[in-house]
Number of protein chains: 4
Amino acid sequence: MATEHSGKHSGPEHALERLVFFSDAVFAIAITLLVIEIHVPRLPPGSTNQDYFVALAHLIPSFFGFFVSFWVIGAFWTVHHRAFSLAAHYRDSLLTPNLAVLCGIVFIPFATAFMAANTGMLVPQALYDLTLIVCGLLHLRLNRMVTSPPVVSEQADPLTIALTRVRGWSVTLGAACALAIGFVDSHYSQVALITIPLWRILLQRRTRRRFPAA
Amino acid sequence: MATEHSGKHSGPEHALERLVFFSDAVFAIAITLLVIEIHVPRLPPGSTNQDYFVALAHLIPSFFGFFVSFWVIGAFWTVHHRAFSLAAHYRDSLLTPNLAVLCGIVFIPFATAFMAANTGMLVPQALYDLTLIVCGLLHLRLNRMVTSPPVVSEQADPLTIALTRVRGWSVTLGAACALAIGFVDSHYSQVALITIPLWRILLQRRTRRRFPAA
Amino acid sequence: MATEHSGKHSGPEHALERLVFFSDAVFAIAITLLVIEIHVPRLPPGSTNQDYFVALAHLIPSFFGFFVSFWVIGAFWTVHHRAFSLAAHYRDSLLTPNLAVLCGIVFIPFATAFMAANTGMLVPQALYDLTLIVCGLLHLRLNRMVTSPPVVSEQADPLTIALTRVRGWSVTLGAACALAIGFVDSHYSQVALITIPLWRILLQRRTRRRFPAA
Amino acid sequence: MATEHSGKHSGPEHALERLVFFSDAVFAIAITLLVIEIHVPRLPPGSTNQDYFVALAHLIPSFFGFFVSFWVIGAFWTVHHRAFSLAAHYRDSLLTPNLAVLCGIVFIPFATAFMAANTGMLVPQALYDLTLIVCGLLHLRLNRMVTSPPVVSEQADPLTIALTRVRGWSVTLGAACALAIGFVDSHYSQVALITIPLWRILLQRRTRRRFPAA
């Protein structure tokens, strides 16, 4: 089923742009909805400054969850952004894997709020980590399609392709670490997500070594 | 009333792009709002892992509703995406039918939440199925306009046009099945929505047979 | 302060596109948020079909408010879409009047929910009508700027400009009618918004008569 | 790590556009979410017009917070819009500072709602002002990157660059004033945000004087 045909607004390039655009909007909404789940404290009149600090202190798990999930969704968007910047040819077969990634991303605000409302508990923490792992795996599948023929641009550099693919692994591995640590002590599980950039640096260094010319 | 006139940013192409863009944003927000309607359980301190599993089990209808509606809105977006990828000429007359489709899409998160909050009940289930049927019928009308002169691109392939039009029927027929089954047993109504891809395959096979050259 | 300068992504055209894009996103979110304000009824187990119909009947003001506001925001978007399709030159001075319009649009979901939660009461109804009137007047100011030099495209047809400007009046006049009727009987106020398309047809017919060549 | 390579949809320009697009969507959602935080009053049947006016009067802090934050986010968007209208070359290093700005912007609806729910209290007011200061400082860092080589367009005018950079300071200085005044009397803190346009005019006049040729 070849749906490619010429014409200014009906060609494959416009279809690719619209796919990217729709995905961007979903990422943007998911990343902004995170803040809605933080309940605004309304204190009775006559509360002291200390009461307000206590109210804010109770929200620390929510703030932390918001902050971590913001950067996790941001990292997923970055991976999506990089992979599609290497694509040049639209294919209908991209739609379903892309929707699957977005379905995972859209679920992150719920998983974040559930975790933040029940800090330090195993089940909410494990659900959060599992959500990130599933998002990561779905992203890996999409990235492989986007950076392979027939979708990938002919001008795309093999090293850039390899670095982009490897990047998708970093969130997945960081979330897997967080899940493993969660079974030992669920309070430290979320901290393990900080390993995401470490995994990226490690994996990218390994990838570069295999490209001697670069 | 011919509003087509030349000029880089004031021409019909830009107007078509903006229409598509606005629609994409509405689809993206509707698909993401689905997750807001899932209430985050907040358990008292000292709850066991089993309590958390029970709390999540109570949310299964919400998760299922979220998941089904995500893919239904995704299917509607795909139909919209395909139809407009065949369009090349903007007409003012597209605005009202397109807004009508979006009005239906925007209502889906409410219908989903109402159904999920009252699982297995006839009225919420029927309202959900009716919403999808109305969305499907409004989409069929829009698709016909978009894939007909004067809007359709001159380079658009007749088989692609026929396949795109037929695609709009699949959600409508799947939702009609769900509605019919709902009157017998409302618990199985939503399962009938899984027939949507079956209808699409069936209808597309039938369409292809009528295009011997393709 | 001339901020126009050449360059592919830094020129006035891209700045105009981004302004339109940002506005589209705000319109899209405001139009979709309308549905969030409808509270999802959750009935106790054992409720009959009739109980569900009663629950839905109680939501009729909310449904009606959602539907009317969807089309009102849709009408405002259409006016914005048409006006900017005639624009070709970006000016910094567009930013503030455009933000003022968006500020009004973003307030519509609140005014709608307040009116729907207190059906038939004068104050919520008058606040709603006033919001639409203010949005309409702000739109008229923006439209005049967008369809005048130096912003308007040189190729824009004078009749199209006149028709676009007149269109902005229809929502304002319809809302003014609704406000006036509201002081007599607030139950019929919202019905008066149906006069919006009548005003448009009337005003456009009058405009056309003044352009003998068209 | 040079990720620039030619190709229509895979080049640096498209990547820059997508970055701007994603940011626009986040700004648009944050600015629209402000209205969600205003609780819709639902009065018992038989309430008089005066009861409604009292209910609205209780919302004045929320309306004021909505209005101020709308224009503050609008001001930040304007700064972002102007800075990126001078950019021409995409760099991967833009992603993190841009996400940092967006993280601050997304937090504004929470800070606004917290301040409006607890009017005249020091801690919520200080948190709000601090949020704006952090957003302003993050924006300054981003603006400097965007308006410097290698990102900035070669055709960008030095005066325009200087005026754009200075603009970022106005929100930061206005919020710093508000914070300082808040420690004296927290009721007048928000009023000090009105100095934002004054700071802009002052800073821009000073900048212009240093460019004798302009």
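This is a predicted model: local features need pLDDT of at least 70, side-chain atom pairs count only at pLDDT 80 or more; totals for chains, interfaces and linings use all residues.
Residues are numbered from 1 along each chain as its sequence is written, and chains are lettered from A and ligands numbered from 1 in the order in which they are written.

In chain B, helix H4 covers residues 95–117 and helix H5 covers residues 122–146; helices are DSSP runs of H or I with at least four residues, strands are E runs of at least two, and both are numbered from the N terminus. The two axes come within 9 Å and cross at roughly 160°, where axes are lines fitted to C-alpha atoms over the stretch in contact and angles run from 0 to 180 degrees between N-to-C directions. Residues of H4(B) that meet H5(B) include B:Pro97, B:Gly104, B:Ile108 and B:Met115. On the H5(B) side, B:Pro124, B:Tyr128, B:Leu138 and B:Met145 are among them. Two residues are in contact if their C-beta atoms, placed from the backbone, lie within 7 Å. By class, this helix contact has 17 nonpolar, six polar and one charged residues. Ala, Val, Leu, Ile, Met, Phe, Trp, Tyr, Cys and Pro count as nonpolar, Asp, Glu, Lys and Arg as charged, and the others, Gly among them, as polar.

B:Ile31 lies in helix H1 (residues 12–33) of chain B. B:Ile31 counts as buried because it has 30 C-beta neighbours inside 10 Å; the cut-off for buried is 20 or more, exposed is 12 or fewer, and partly exposed is in between. Leaving aside residues up to four places away in sequence, B:Ile31 touches B:Phe70, B:Ile73 and B:Gly74, and also A:Val26 and A:Val106. The C-alpha atom of B:Ile31 is separated by 8.8 Å from that of B:Val106, 75 residues apart along the chain.

The contact between the chains takes 33 residues from chain A and 36 residues from chain B. Helices H1 (12–33), H4 (95–117) and H5 (122–146) of chain A each supply at least two residues of the side that touches chain B. That side of chain A divides into 22 nonpolar, eight polar and three charged residues.

Chain A has seven helices and zero strands. Of its 214 residues, 54% are buried.
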